[in-house]
Amino acid sequence: MPIRSIKGALKVLVLVAIFFAGVWSQSSGVIDEFLWYLPDVQYLMVQHIWLTVMSGSLAILFAIPLGIVLSRPKMANVAESLMQVLNVGTTIPTLAVLALSMSFLGIGTVPAVFGLFVATLLPITRNTYTGLKGVNPALMEAAAGIGMSPMQRLFKVELPNALYVIFAGMRTALTINVGTVPLAFLIGAGGLGELIFTGIDLYDPVMMLSGAIPTALLAIVVDALIAVIAFLVVPRGVNPGRT
């Protein structure tokens, strides 16, 4: 009973805080300032989403097949060594990766997409590799025992059992990608980083938050969207969310 009372009191306090925050923002004119940047937010968010979709899609299309190849028994001796090569994209700061991309590919969208692609590779590849290696050996033996070919075992046994882990890697990678895209503004690729970094330079908190808040919300939406897709796609028997 006391716990319920505390929870109820916290809910009331949150609602009161939200109410007074709304009153303050309305009276101080902050809302009007945010609305003034709305057209810029809409325009730059389209660029932001496009950069995320392009780099994320390329990373998924490249990383999942690579993870499958590295999980094959013939690659056991070199898989971890090759994985460390991909780790470079995560170890080196993303801004440095973008700067190196700009050095070779020039300024604009192409180097930004390439840099974001490199920074997104490792979580998806690692989770694909880990998920496939973690499939129960008894399932693999049973599949071989009924005459399944290696390709049939991959698509009918290994991938369905590894999907949950693969989607977890995609959620991590794409959420990080959304939060990293603002850096692409520094090499001329646009995105919400234009408002964030310009706001920092001009010491304009409203401009900065006009870019930062949509970026945070977009990351939450992407994470939730992939979670829903995973819930629907991953088979019930290996999906903890559906047990």
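A residue is called buried when its relative accessible area is under 20%, exposed when the area is over 50%, and partly exposed in between (1.4 Å probe, protein chains only). At 73% relative accessibility, tyrosine 203 therefore counts as exposed. The structure is a predicted model, in which local features need pLDDT of at least 70 and side-chain atom pairs count only at pLDDT 80 or more, while totals for chains, interfaces and linings use all residues. Residues are numbered from 1 along each chain as its sequence is written, and side-chain values use heavy atoms, with hydrogens and water left out.

The protein chain contains 10 helices and zero strands, where helices (H or I, at least four residues) and strands (E, at least two) are DSSP runs numbered from the N terminus. Of its 243 residues, 36% count as buried. The accessible surface of the protein chain is about 14000 Å², and carbon and sulfur atoms hold 73% of that area; accessible areas come from the Shrake-Rupley method with a 1.4 Å probe, and for residues only the protein chains shown count as cover. Among contacts (heavy atoms within 4.5 Å) with a separation of 6 or more, 71% join residues 24 or more positions apart.

An unreviewed UniProt entry lists residues 49-70, 82-100, 106-124, 162-187 and 207-234 under "transmembrane region". UniProt positions are given in the numbering used here, feature names are shortened, and annotations may be inferred rather than shown by experiment. In the model, residues 49-70 are 100% helix and 0% strand, with end C-alpha atoms 30 Å apart. The span 106-124 is 84% helix and 0% strand, and its end C-alpha atoms lie 27 Å apart.

The largest nonpolar core has 30 residues, and Ile64, Ile124 and Met170 have the most contacts inside it. A nonpolar core is a set of buried Ala, Val, Leu, Ile, Met, Phe, Trp, Tyr and Cys residues joined through side-chain atoms within 4.5 Å. For the 30-residue core, the elements that give two or more residues are helix 3 (38-70), helix 4 (79-91), helix 6 (109-133), helix 8 (150-180) and helix 10 (205-233). Helix 8 gives the largest share, nine residues. Isoleucine 64 touches Ala59, Ile124, Thr128, Ile166 and Met170, residues up to four places away in sequence not being counted. A second, separate core of nine residues includes Leu98, Val181, Ala184 and Ala189. Threonine 52 lies in helix 3 and is buried, with a relative accessible area of 9%. Leaving aside neighbours within four places in sequence, threonine 52 is in contact with Ser57, Asn177, Val178 and Val181.

A search of the whole structure finds two salt bridges, a salt bridge being a side-chain nitrogen of Lys or Arg within 4 Å of a carboxyl oxygen of Asp or Glu. In one of them, the side chains of glutamate 158 and arginine 72 meet at 2.9 Å, N to O. Glutamate 158 lies in helix 8 and arginine 72 in the loop between helix 3 and helix 4, so the pair ties together parts that are 86 residues apart in sequence. Glutamate 158 is buried, with a relative accessible area of 7%, whereas arginine 72 is partly exposed at 22% relative accessibility. Arginine 171 forms a salt bridge with aspartate 223, and the closest N and O atoms are 2.9 Å apart. This pair links distant parts of the chain, with arginine 171 in helix 8 and aspartate 223 in helix 10, 52 residues apart. Arginine 171 is partly exposed at 30% relative accessibility, and aspartate 223 is partly exposed at 25%.

Tyrosine 203 is found in the loop between helix 9 and helix 10. The phi of tyrosine 203 is near 50 degrees, a positive value in a residue other than glycine. Most residues other than glycine have a negative phi. Aspartate 204 is found in the loop between helix 9 (193-201) and helix 10. Aspartate 204 is buried yet has no salt bridge, and the nearest side chain of opposite charge, arginine 171, is 32 Å away; for charge, Lys and Arg count as positive and Asp and Glu as negative, while His and the chain ends are not counted. Not counting residues up to four places away in sequence, aspartate 204 touches Tyr37 and Gly199. Tryptophan 36 is found in helix 2 (residues 30-36) and is exposed, with a relative accessible area of 63%. Tryptophan 36 and methionine 207 are 171 residues apart in sequence and 9.6 Å apart in space, C-alpha to C-alpha.
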